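Dear colleague,

I am handing over the structure below, together with a description of what was found in it. Please keep it open while you read, so that you can follow each residue as it is named.

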Amino acid sequence: MMLRSRPALLRRLYLKGAGRKYHVLAIETSCDDTTVALIDRPPAPQPPVLLDHYKRSLDNTAAGGIIPIDARNFHQRNLALMVQEVLQRNGMSHGLTPQDVVAVTRGPGMMGSLGAGFNLAKGLSVAWGCGFVGVHHMVGHLLTPRLFADESGRTPEYPFVSLLVSGGHTMLVLSTSVTEHKVLTNTIDIAIGDMLDKCARELGMRGSMLGMELERFINEQQQLQQQQIKAGIEPQPHNVPDEFVMPTPLRGKGARKATTAYSFAAFISALQIERRKHFPDISTLADLPAPTRLELAKRVQTGIFNHLAKQTALALEAADLPSDKLDFVCAGGVASNQHLRTVLAEKLESKGFSGMRRFYPAPKWCTDNAAMIGWAGIELWEAGLQTDLAAMPTSRWSVEDMLSLGGWLKRE
Ligand code: AMP
Ligand code: ZN
């Protein structure tokens with residue numbers, strides 16, 4: 001689909017980012033968050049402006065996890081109204097200010113959820129006669145720090161390495177352009193966020209972002225202990241024996257020793273086995289007193305992050321990259337964890353990767369959001385790409401083969 005209504009010169013200027021400001025509406029519905037964003041893209045080198053972002057999250061607490069049909073229905077109930085509200089509150093209602101590009105997550109994700117966003121995005125692009133870009137969800141996460149400059153006004157430049165740590169992924173990726181991403185290492189079982197959630201549930205956390213709840217619990221309990229110490233009160237001791245140890249996956253004897261892969265499955269089994277061994281009288285760790293749960297929470301979180309940091313350093317060594325010239329991005333929901341940032345910084349410094357500039361998107365932009373989809377859509381659009389209106393969403397999509405999936409159209 002070409003922008004036939006626009007003169008060719010204007011289209012060329014758009015490609016170079018040197019034309020007039022253009023408007024982007026972005027939608028992300030790959031899982032259970034419904035998110036909508038509006039971004040203004042002024043001519044480069046002016047920075048993009050995030051005009052609005054609207055997120056509604058399905059509360060999965062009662063269900064104890066994500067039920068795909070509930071997530072799909074949640075998007076279908078909310079998305080159109082959210083788009084309407086975002087347009088209205090930015091003075092763009094009634095189609096008076098058509099957007100120039102609609103960017104939407106095409107995959108990977110849950111089919112029902114993706115379909116809800118993808119179909120509305122197609123409809124809007126037909127109605128506005130504008131560009132349509134189907135974005136890879138992970139590329140959205142990877143490029144997020146290029147939308148939001150850090151405190152020093154810096155953004156990562158290609159090529160850069162990203163550690164993507166989310167509820168569904170744990171991978172280290174080398175990005176050389178918006179369309180070229182090489183996976184340096186990956187998890188061989190479950191994702192880090194998934195494991196943090198499982199362990200947090202075992203430790204009695206409740207809510208929909210259990211990894212975040214775990215961090216919050218640790219911080220609150222530590223603060224409480226500090227306050228007690230300040231007030232001259234001796235904090236209640238924990239009774240976790242030293243033998244209650246967390247595993248060090250893939251670092252044992254044998255052939256797997258040299259692997260750079262991540263593996264998190266052992267943490268939940270270790271927690272359950274050690275519970276039965278050391279606390280045989282209780283059926284759940286949630287029953288333990290807070291100081292003991294705090295100690296266990298710290299050991300779990302640190303054990304998981306140490307493994308992540310160790311394997312990341314090994315993978316960087318194995319990739320043999322000019323690390324002093326490479327930027328390092330840590331993105332995805334788990335990247336908002338402050339302790340993870342400390343553990344990673346220590347490991348990278350100690351392994352000779354101190355020359356890499358490190359970028360962490362603000363916590364709000366680490367979890368799923370439409371702003372990242374809008375920005376990735378802008379980079380794809382400016383690389384001359386858009387998506388066929390006949391394209392379908394996809395539950396599986398390798399970030400390495402982003403362009404192999406049918407449905408891409410090259411703009412002139
Ligand atoms: P995403 O898949 O990118 O939306 O990220 C969601 C995952 O990130 C879930 O597993 C959350 O528990 C996890 N998460 C979010 N915030 C934090 C945090 N502060 N610490 C650890 N994990 C977190
Ligand atoms: Zn995500």
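In this predicted model, ligand 1 has 18 residues around it, and those that come nearest are G167, D197, G211, E215 and G333; a residue is near a molecule or strand if one of its heavy atoms lies within 4 Å of it. Before going further, please note that residues are numbered from 1 along each chain as its sequence is written, and that chains are lettered from A and ligands numbered from 1 in the order in which they are written. Because the model is predicted, local features need pLDDT of at least 70 and side-chain atom pairs count only at pLDDT 80 or more, while totals for chains, interfaces and linings use all residues, and side-chain values use heavy atoms, with hydrogens and water left out.

Ligand 1 makes polar contacts (pairs of N or O atoms within 3.5 Å; within protein, one must be able to donate a hydrogen and the other to accept it, and residues adjacent in sequence count only if both atoms are side-chain atoms). An oxygen atom of ligand 1 is 2.9 Å from a polar backbone atom of G211, a nitrogen atom of the ligand is 2.8 Å from an N or O atom in the side chain of E215, and a nitrogen atom of the ligand lies 3.0 Å from a polar side-chain atom of N337. Taken alone, ligand 1 exposes 500 Å², of which the protein buries 93%; accessible areas come from the Shrake-Rupley method with a 1.4 Å probe, and for residues only the protein chains shown count as cover.

Helices α5 (192-202) and α6 (210-230) each supply at least two residues of this shell, and α6 gives the most, with 4 residues. Helices (H or I, at least four residues) and strands (E, at least two) are DSSP runs, numbered from the N terminus.

The zinc ion, ligand 2, is coordinated by H137 (NE2), H141 (NE2) and D368 (OD), at 2.1 to 2.2 Å. Donors are N, O and S atoms within 2.8 Å of the metal (3.2 Å for Na, K and Ca), and water is not among the atoms, so sites may look incomplete. Since H137 lies in helix α4 (residues 137-147) and D368 in the loop between α10 (363-366) and α11 (370-382), the pair ties together parts that are 231 residues apart in sequence. H137 is buried, with a relative accessible area of 6%, and D368 is buried as well, at 15%, where buried means under 20% relative accessible area, exposed over 50%, and partly exposed in between (1.4 Å probe, protein chains only).

Turning to the strands, 9 of the 9 residues of β2 (residues 33-41) are buried, so this strand is largely enclosed by the rest of the structure. Strand β1 (residues 22-28) and β2 pair in the antiparallel sense over 7 bridges, where two strands pair if DSSP finds at least two bridges between them. A hairpin joins β1 to β2 through 4 residues, and I27 stands opposite V36 in β2. V36 also has Y54 as its bridge partner in β3, and β2 and β3 (residues 49-57) pair in the antiparallel sense over 8 bridges.

Strand β4 (residues 101-107) has 7 of its 7 residues buried, so it too is largely enclosed by the rest of the structure. β1 and β4 run parallel, joined by 4 bridges, with A103 in β4 as the bridge partner of A26; β4 and β5 (residues 131-136) also run parallel, joined by 6 bridges, and there V133 in β5 is the bridge partner of A103.

With best wishes
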